[in-house]
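Let's take a walk through this fold together. Have a look at the picture first, and then we'll go piece by piece.

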Amino acid sequence: MGNLKLVVVGASGDLARKKIFPALFSLYSQGLLPNEVEFVGFARSDYSDEAFRRRISETLTCRYVPGESCAEKMDGFLARTSYLRGEYGDSNAYKRLLDGRACDKIFYFSIPPAIFADTAEALGASGATEPGDGAWTRVVVEKPFGRDRKSFDELNERLNAVFPEEWIYRIDHYLGKEMVRNIQVLRFANQIFKPIWDSKHIDRIDISWSEDIGVEGRGGYFDNYGIIRDVVQNHLLQMLALVAMEPPPSLDAADIRNRKVELLKAITPLNPEDVEIGQYVSGVVNGVEHPGYGDDPTVPDDSLTPTFARMKLQVLNERWEDTVFTVKAGKALARRESQIRIVFRASRSNVFCSLDGGCPMPNELIIRVQPDEGITLKITTKVPGASMRFHVKELDLTYSDAFDAEVIPEAYENLILDVVNGDKSLFIRADELQAAWDIFTPVLSYFEENRVRPKAYPFGASL
Ligand code: BG6
């Protein structure tokens, strides 16, 4: 491994502070980054190196290096970290990153989507992205990538005009989550699932996502996007693609991404009648009153932006044409929970249907993405005793019990390491995004053009 300079553009923001720098420290503390690594934070705020180090040190954790060695690692990490102040669209500001040495470079765009393209152009014009002899440059771009198919194509064209496609890593942090990475292992390493992974055996697949907090001051960003663009078009759809894609011929990035694109293209674009939208209003949870979406000072008055969506998707291919896929996502609901529920078919001609208790319930396989990562299989089993009674029980694989000696990595740790290693299998290719936007663009335009009002639901609701 050679020298590496990792520049976080937008380093004063929440994502950088809460996720990116802690992930970088985790990798550094485990010795997974090159010895000669250097971190630079770039943003508009006025920090000295020292003040910036103090700010990020507050969120670094010692999960991988408990005890005294952690303080030493932290000092080492902070000593390699510096801060550069500048305007995002000013190419002269980035010139200060040039030091005449050839080294591998990663530029991590942790900035609002509205300034992606201007930032890329200024950065490209500065020459700071030129890797030099024998080195490489990689550019990590956070979601959302555009607001619809057209704006995605425009943004992508501008990015591609500055950076070659092989430099670009479009991140969707859900792909770095341990349980999402496990979907492929579950499906393709366990022979028992192969013959039953289709419409003949699976009645429905429900992908659900909820948070028990509202937008909390992020209304300025969120209101321009809404829940469908914020999490459904990317995080949830990616999970669906991994659950439903055909087996790839190999684990190469190109093979996996080809399979996901094929699957996304098989999804019928949504009709407005297939999608239900909602927006939270104030509500009381455990005796505490929480403000509604419209009460947030960062949200414009009379906003029609959905904070909840539930939809039915149809995957029109031979494997899935008779399976119902539902996707549900919402902020300010009763729980923080993200899971994939696979409901197998029940049979009315089952031999046990003749008993008093009725037919056995369908089997269910549940992948708990978070919290409490794990897998549950619901099976029908005999209740002990002389009579033939049965009951649904759960075979449960809870990660914290099964792997109690292992640390479950944060999504960003997995993904940043992949960027360093040049592995693109968990990053999103442009054609995947085009296919994803094609599913949602018509319904998003319909809602906006017709000013469709989302249904109100109280903060903390169970939907
Ligand atoms: C982000 C969304 O992509 O994912 C946020 O913009 C959301 O609105 C977040 O809160 C959820 O991520 P996680 O990892 O906390 O489930």
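Helices and strands here are DSSP runs, numbered from the N terminus: a helix is H or I over at least four residues, a strand is E over at least two. Bear in mind that this is a predicted model, where local features need pLDDT of at least 70, side-chain atom pairs count only at pLDDT 80 or more, and totals for chains, interfaces and linings use all residues. Residues are numbered from 1 along each chain as its sequence is written, and side-chain values use heavy atoms, with hydrogens and water left out.

Start with Ile20, which sits in helix H1 (residues 14-29). Ile20 is buried, with a relative accessible area of 0% (buried means under 20%, using a 1.4 Å probe and protein chains only). Leaving aside residues up to four places away in sequence, Ile20 touches Val8, Leu15, Tyr108, Ser110 and Ile416; a contact means heavy atoms within 4.5 Å.

Now for the sheet. Strands of a sheet pair through backbone hydrogen bonds, either parallel or antiparallel. Here, six strands make an open sheet in the order S3-S2-S1-S4-S5-S6, with parallel pairing; two strands count as paired if DSSP finds at least two bridges between them. Strands S3 (81-85) and S6 (168-170) are at the edges with a single partner strand each, so one side of each has no neighbour in the sheet.

Zoom in on S1 (residues 4-9) and S2 (residues 37-43), which pair in parallel over six bridges. Leu6 has Phe39 in S2 as its bridge partner.

Terms used. Buried means under 20% relative accessible area, exposed over 50%, partly exposed in between (1.4 Å probe, protein chains only).
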